[in-house]
Amino acid sequence: MSVLSPGSVESSSCKLSLTSANVKVKRGVSAHQPSKYVLDEKELERVSALARIELEDARIEIERAHNAAKSMGKGAEGAEADDADEGDDEDAWVDEEDASMEVDGDVHVDSPAKGDDLAQYKLDEYDEDDVKEEGTGPFSNIKGLTFYRDNQDDPYITLKEDAEDDERSELEVLPTDNLLVTAKTEDDVSQLEIYVYDESQDNLYVHHDLMLPNFPLCLEWLDFPPASSEMQTDTPPKFGNYIAVGTLDPEIEIWSLDVMESMYPDMILGRPDKTAAHVPVPAGTGKKKRKKTKHRPSSDTYHVDAVLGLSWNRTHRHMLASASADRTVKLWDLSRPIVDGEGAIRSFGVHKDKVQAVQWNEKEPTVLLSGSYDRTVRVFDSRAPDTGVGAVLGADVEALRWDPWETHAFYVSLENGLVLNFDARALPTDMKSPSPALFTLSAHDGAVSALDVSPLLRGCICTGGTDKLVKVWNVDQTAGGKPAVSMVASRDMEVGKVFSAVFSPDDPLTIAAAGSKAKLQIWDVGANSGVRRAFASKLSEAGRVLKEKEGGGLVGLVNDDETSEDEGDEDD
């Protein structure tokens, strides 16, 4: 089972604190000056429509849960059952207080004495007295003193303060800044935290945050603006700065990273008015306990369980793929407004258990790679999924990545600590046939929950595991054709169990990692002289020159409230 499976999250303590995913955004993509959220009439109409959908879902959930309880022999109990037998005759009720009053008879209340009122204080004449105040103190003889509540109104203050300019300068994102997005849960509150990282100053700070409705499981950045009902179909698609979020809910939310203090996402995928999402399915009649709950009935147009993986197609920019615990992979067209009865454009049932991860092939943009709890990986063309190939693995899939330097090669990390490399062209169509990996790497003591391949440096991969370590590996092609793999760096980045580790899209050896301590840390691996020597030839080919930095290359936020470093991590 995956480290961050839906079942493990739901059964965990309510005092859960961790960062489950993080994404690094390329420089120059973010708006220089993020805008504030405005709740105008148009936005209010859109939000009201979403709210009505949520209320309808809640009504359906309560109704079906009640019907399920009845079918299991668990009707109303206690006071609720008693209320059902009671009549509606309000005349049968007697007010005890009124009854006692009738028995005791009339009660004599003394009226206040005439004249015994406020008139004796002569309040009407209070303002008529002439009061002369004699000034005392050193400034009592100063006349004509003027007080200005706002310095902007004082003519003697020539250096005016502009609070809006100060706030604008604090919130601006420079073209040299990287944006990082983390999915954080702390004390049962989930949110997206948007960081700004200035590599030249080694400065990392939280820019703003966005509240989420449920525990986040995956993130995916995209630049395609999701469609609205007012979107013109004849206009060319523009570029934006958005993040897609998958949570324990079956819906996918898309938020703009250039809008602060947003109340609702820009788009919600998989939210028709009549949805089966969130509706509990009885595990049986109630007479016998069962170890496994029934799977929810799947749908071709939307997910009915948690969304575990997301992948945006960088060639066909309007396409988004999602992997879910409902055992399906779905495709979404972001250029189409979501209307009643419409949802995903395709649904693939190529796995027999929860689908943990999915990713598009950048070189062949119609090909998808998926990994599941059924201990298999599948490679298939989204136009003809029945002709796909696959491999059987020895453990549950944690993460997977296509190799950006090899069109048909991909990596898979497993729960047993192994990382495997495959060539999709050598995989069989029959899952019963053997499917040997090109090489196998024993990476961590425990699950390899994080995996990434550098887009700027050939043969450089990073892994992160539940052993709290982040490791960097060098993969070289030998003359015999078999790759030679060596570890060049390993570090405890002080984030606890590592749940996410990603390379920077701008710097070849910069890694952002997050984990069970609800912290984000950045590691400039190139600050290590040994790493620079190991990748010297590859850095030269890429035209990159790295210099040694002070402090070991680790950058993070200063947390004054951190009192126990390993709290909650030693339980397993």
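Q: What makes the pair Glu406 and Arg458 a salt bridge?
A: Their side chains meet at 3.3 Å, N to O.

Q: What kind of model are we looking at?
A: This is a predicted model, where local features need pLDDT of at least 70, side-chain atom pairs count only at pLDDT 80 or more, and totals for chains, interfaces and linings use all residues. Residues are numbered from 1 along each chain as its sequence is written, and side-chain values use heavy atoms, with hydrogens and water left out.

Q: Why can we say that Glu406 and Arg458 tie parts together?
A: Check where they sit: Glu406 is in the loop between strand 19 and strand 20, while Arg458 is in the loop between strand 23 (450-453) and strand 24 (460-464), so the linked parts are 52 residues apart in sequence. Those strand numbers come from DSSP: strands (E, at least two residues) and helices (H or I, at least four) are runs counted from the N terminus.

Q: Why are Glu406 and Arg458 called partly exposed?
A: Buried means under 20% relative accessible area and exposed means over 50%, with partly exposed in between (1.4 Å probe, protein chains only). Glu406 has 35% and Arg458 has 41%, so they fall in the middle class.

Q: What about the salt bridge of Arg383 and Asp381: which partner is buried and which is exposed?
A: These side chains meet at 2.9 Å, N to O. Arg383 counts as exposed because its accessibility is 62%, whereas Asp381 is buried because it has 18%.

Q: How do you know that Asp476 and Lys538 form a salt bridge, and where do they lie?
A: Their closest N and O atoms are 3.1 Å apart. Asp476 lies in strand 25 (residues 469-477) and Lys538 in helix 7 (residues 536-542), so parts 62 residues apart in sequence get tied together. Asp476 is partly exposed at 33%, but Lys538, at 12%, counts as buried.

Q: How many salt bridges does the whole structure have?
A: A search finds 11 of them. Some salt bridges are linked in a network, made up of Lys184, Glu186 and Glu193.

Q: How do you know that strand 19 and strand 20 pair?
A: Two strands pair if DSSP finds at least two bridges between them. Strand 19 (residues 397-402) and strand 20 have five bridges, antiparallel, so they pass. Here Arg401 stands opposite Tyr411 in strand 20, and the two strands form a hairpin with six residues between them.

Q: What does strand 20 do with strand 21?
A: Strand 20 also has five bridges to strand 21 (residues 418-423), and these strands run antiparallel. Phe410 stands opposite Phe422, and Val412 opposite Leu420. In their hairpin, with three residues between the strands, Gly417 takes a positive phi near 95°.

Q: Why is strand 20 called mostly covered?
A: Strand 20 runs over residues 409-414, and six of its six residues are buried. Ala409, Tyr411 and Ser413 point one way, and Phe410, Val412 and Leu414 the other. In a regular strand the side chains alternate between the two faces of the sheet.

Q: What makes strand 19 and strand 22 edge strands?
A: They belong to an open, antiparallel sheet of four strands in the order 19-20-21-22. Strand 19 and strand 22 (439-442) each pair on one side only.

Q: What makes the reach from Gln356 to Glu398 a polar contact?
A: The Gln356 side chain comes to 3.3 Å from the backbone oxygen of Glu398. A polar contact is a pair of N or O atoms within 3.5 Å; within protein, one must be able to donate a hydrogen and the other to accept it, and residues adjacent in sequence count only if both atoms are side-chain atoms. Gln356 sits in strand 15 (residues 355-360) and, at 11%, is buried.

Q: Which residues touch the most other members of the largest nonpolar core?
A: Among its 36 residues, they are Leu192, Leu219, Ile243 and Leu320. Such a core is a set of buried Ala, Val, Leu, Ile, Met, Phe, Trp, Tyr and Cys residues joined through side-chain atoms within 4.5 Å. A second, separate core of 20 residues includes Leu509, Ile511, Trp523 and Phe535.

Notes. A salt bridge is a side-chain nitrogen of Lys or Arg within 4 Å of a carboxyl oxygen of Asp or Glu.
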